[in-house]
Amino acid sequence: MNKKILLIGSGPSSLSACIRLLEEENVEIYLVDGKDIENLETRGCIYSKKNKNTQSRYKKLFKHNLDSSLQAEFEDAPKPSLQFGGYSTVWGGALNNIEEEYIHHWKDVEQDLNLFIPNFKKIINFCSNSEKFSINNPQNLPIIEREERLIQRLKKIKNNNLSVDFSTIALSSKVNSNICEECGEYTWSCRSNSSWSSTSLFKELIASKKVTYIKNTSVFKIEENKINNTCTVFTSKEQSHEIKFDKVFVGAGAIGSSKIVLNSFEDITKVEIKTNDLISIPLINLSRKGKKRHTFTDLYIKYNTTKTNLFAQYYGYSDNLLNLSEGAVPIVRYIKKLFKPFLQYSGGIFLYLDQDSSSTFLIEKEDEILVIKKGSNPKRIELYKSLKGFILTLLKARIICLPLGIWRKYGKSNHYGAQFSMANKDEETNNINSDVLGRIKKMNDVHFIDSSVLPVLSPGPITLIVMLNAYRIVNEAINET
Ligand SMILES: Cc1cc2nc3c(=O)[nH]c(=O)nc-3n(C[C@H](O)[C@H](O)[C@H](O)COP(=O)(O)OP(=O)(O)OC[C@H]3O[C@@H](n4cnc5c(N)ncnc54)[C@H](O)[C@@H]3O)c2cc1C
C-alpha cells in the first residue's frame with residue numbers, strides 16, 4: 001500500500017524533503033503551502049529606469065504575502081512568508097555548509113551532513129570559488145581584482161581568530177558574460193528571480209503529477225491518531241482536511257511551524273525563537289580595480305574567539321548593489337549622490353552574530369491570538385571585545401568600517417529558528433526539544449524539518465544547513481512507517 005505523505009510549505013526545506021521522497025517507490029506526496037501557486041513577476045531587469053519606483057513592487061508583493069494572522073508588539077517583526085516558494089523567492093542566495101567549529105552540536109547525528117550536498121547539484125546552480133565547498137566543479141562567481149586583492153591581504157594577516165574564503169551562491173541560471181542593456185550588469189544577477197528558489201522545481205513536480213498540490217490550504221493544527229498511526233491536518237480550528245496522512249513533514253519556516261505547534265498543543269503557550277543578530281556595516285576598501293557587475297556577496301570572513309563567533313558576508317561595491325542596499329544601510333541614500341569613482345571604494349558587510357550573543361523573540365498565545373514579542377537581549381561584553389578585534393583586523397587589510405550601520409535584533413536578520421532544537425541525548429534543556437528526527441512532544445509521524453529543529457543557529461547562511469538536515473530526517477524517517 002502507498003504511504004501518504006504531506007509536506008507543509010513549499011520553501012527550500014520542504015523541497016529538500018521532497019527530493020528525498022521522490023527516491024521512494026510507494027509514496028504519494030501531497031503539498032500545502034497556505035496559498036495558490038502565485039509568483040513574483042519574473043520578467044525584466046529590476047533596476048531599469050522603467051521599473052523605477054516599481055522596484056519596491058517586489059518588496060510590496062513580499063509584504064502582501066506575509067501571514068497577517070499573527071500580531072506583533074514591535075515594528076517590522078518577522079512573519080512567515082505565505083508565498084509559493086517561501087522566503088527563497090526573496091533571499092540572497094548565500095550558502096554555507098556546517099563549519100568545523102559547529103560539528104559538535106550535531107553529535108547525535110551519525111552522518112556527515114555535508115556529504116549530502118552533491119544530492120542538490122542537479123537542482124541548485126552552485127557558484128563558488130571556494131576550494132572547501134564540497135562539490136566538484138561548481139561554476140565560478142566572477143570576482144574582480146579589487147576583491148581578489150582583498151582576500152590575499154586578509155589571508156596574509158597572522159591572526160588565529162581570522163579565516164576568510166570565497167562565498168558560495170545558489171543561482172537560478174548559469175553564470176555567463178551576458179550584460180543587461182538596461183542596467184549594465186550581468187543578466188543573471190539583475191532579475192527578481194536571480195537567486196535560486198524552490199518554486200520552479202515544485203511547479204514542475206506538480207505539473208507532472210509527482211506531487212499533488214492542495215491549493216489555498218493553510219494548516220492550523222495537526223493531530224496524531226496513535227491507534228491507527230495516522231495524522232489529521234486541520235485547516236482551521238474546527239475543520240479537518242479529509243485525507244489522513246501516514247507522515248507529515250513540516251517545513252513552514254520557524255514562525256509558521258511554531259504557530260502550528262502552539263495551535264496543536266494546549267499546554268504550549270509560549271515559544272522562544274533564537275536568532276543571529278545582524279549588523280550591517282558600510283565600509284571603505286582602500287583599493288579600486290575592476291567593475292563588479294553583480295549584487296551577490298563575494299567573501300566570507302570569520303572571526304572566532306573562544307567566547308564569540310562572528311560571520312561576515314563581504315559585498316564589494318556595484319551600482320545595482322547600491323540601489324539594493326538602501327533599506328539595509330540608511331546612509332546609502334546620501335552616499336548615492338557621491339561621485340562614481342569614489343563610490344568604487346565603498347562596500348559593505350553583513351555581520352552575523354552567534355546565537356549566544358544575539359537576541360531572541362517570542363510567540364505567545366493570548367486569548368487564542370498569537371502575538372510576536374521581543375525576547376531576551378543579552379549583555380555583550382565579550383562581543384564588544386570581539387567586534388573591536390575584528391574591525392582592527394580589517395583595518396590591517398585596508399578596510400575601514402564606518403560606524404553608520406544598523407543592528408537588526410529580534411529576528412529582523414531573517415536568520416532564526418532552533419526553538420525546538422534537537423537536544424543531544426545527554427543534554428537537559430528548558431526548551432521544547434525535538435528528537436533527532438525532528439519530532440516534538442512524543443509525536444511519532446509529524447517531523448519538523450525547517451530551522452526550528454537545528455541544534456544550533458550558526459552565524460552566516462543557514463538555508464543549506466536546513467536543507468541538509470531536512471534531507472537527512474526524511475532519509476531516516478521514511479522507512480519507519
Ligand atoms: C530577505 C531575506 C534574505 C535572505 N537571505 C538568505 C541568504 O542569503 N542565505 C541564507 O541561507 N538564508 C537567507 N535567508 C533565509 C532563507 O530565506 C530561509 O532560511 C529559507 O527560506 C527557509 O526555508 P524554509 O523552507 O524552512 O521556510 P520558508 O522559505 O519560510 O518557507 C515556508 C513555507 O511554508 C509555508 N507555510 C507557512 N505557514 C504555513 C501554514 N500554516 N500552512 C501551510 N503552509 C505554510 C509558506 O507558504 C512557505 O511556502 C533570507 C531570508 C530573507 C527574508
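Two strands pair if DSSP finds at least two bridges between them. Strands (E, at least two residues) and helices (H or I, at least four) are DSSP runs, numbered from the N terminus. β15 and β16 form a hairpin on these terms, with 4 residues between them.

This is a predicted model: local features need pLDDT of at least 70, side-chain atom pairs count only at pLDDT 80 or more, and totals for chains, interfaces and linings use all residues. Residues are numbered from 1 along each chain as its sequence is written.

- β15 and β16 run antiparallel and are joined by 6 bridges.
- Lys 302 has Phe 311 of β16 opposite it.
- β16 also pairs with β17, again antiparallel, over 7 bridges.
- In that pairing, Leu 310 stands opposite Leu 353 of β17.
- β16 is mostly covered, with 8 of its 8 residues buried (20 or more other C-beta atoms within 10 Å of the residue's own; exposed means 12 or fewer, partly exposed in between; C-beta atoms are placed from the backbone).
- Both faces of β16 are covered. Asn 309, Phe 311, Gln 313 and Tyr 315 are buried on one side, and Leu 310, Ala 312, Tyr 314 and Gly 316 on the other.

**Helix α9**

- α9 covers residues 381-396, 16 residues in total. At 1.5 Å a residue it should span 22 Å, and its end C-alpha atoms are 24 Å apart, which agrees. The expected span is 1.5 Å times one less than the number of residues.
- Leu 383, Ser 386, Leu 387, Phe 390 and Leu 394 are the buried residues of α9.
- Seen down the axis, these buried residues fall within an arc of 105°, so they line one face of α9. The arc is that of the directions from the helix axis to the C-beta atoms.
- An α-helix has 3.6 residues a turn, so residues three or four places apart point the same way.
- Ile 381, Tyr 384, Lys 388, Leu 392 and Leu 395 are exposed on the other side of α9.
- The buried residues of α9 pack against β15 (299-304), β16 (309-316), β17 (346-353) and β20 (399-401). Contact requires C-beta atoms, placed from the backbone, within 7 Å.
- Just after α9, Arg 398 takes a positive phi of about 65°.

**Sheet β4-β7-β5**

- This open sheet has 3 strands in the order β4-β7-β5, with antiparallel pairing.
- β4 (94-95) and β5 (125-128) stand at the edges, each with a single partner strand, so one side of each is left without a neighbour in the sheet.
- β4 pairs with β7 (residues 168-171) over 2 bridges, in the antiparallel sense.
- Ala 94 stands opposite Ile 169 of β7.

Notes. Two residues are in contact if their C-beta atoms, placed from the backbone, lie within 7 Å.
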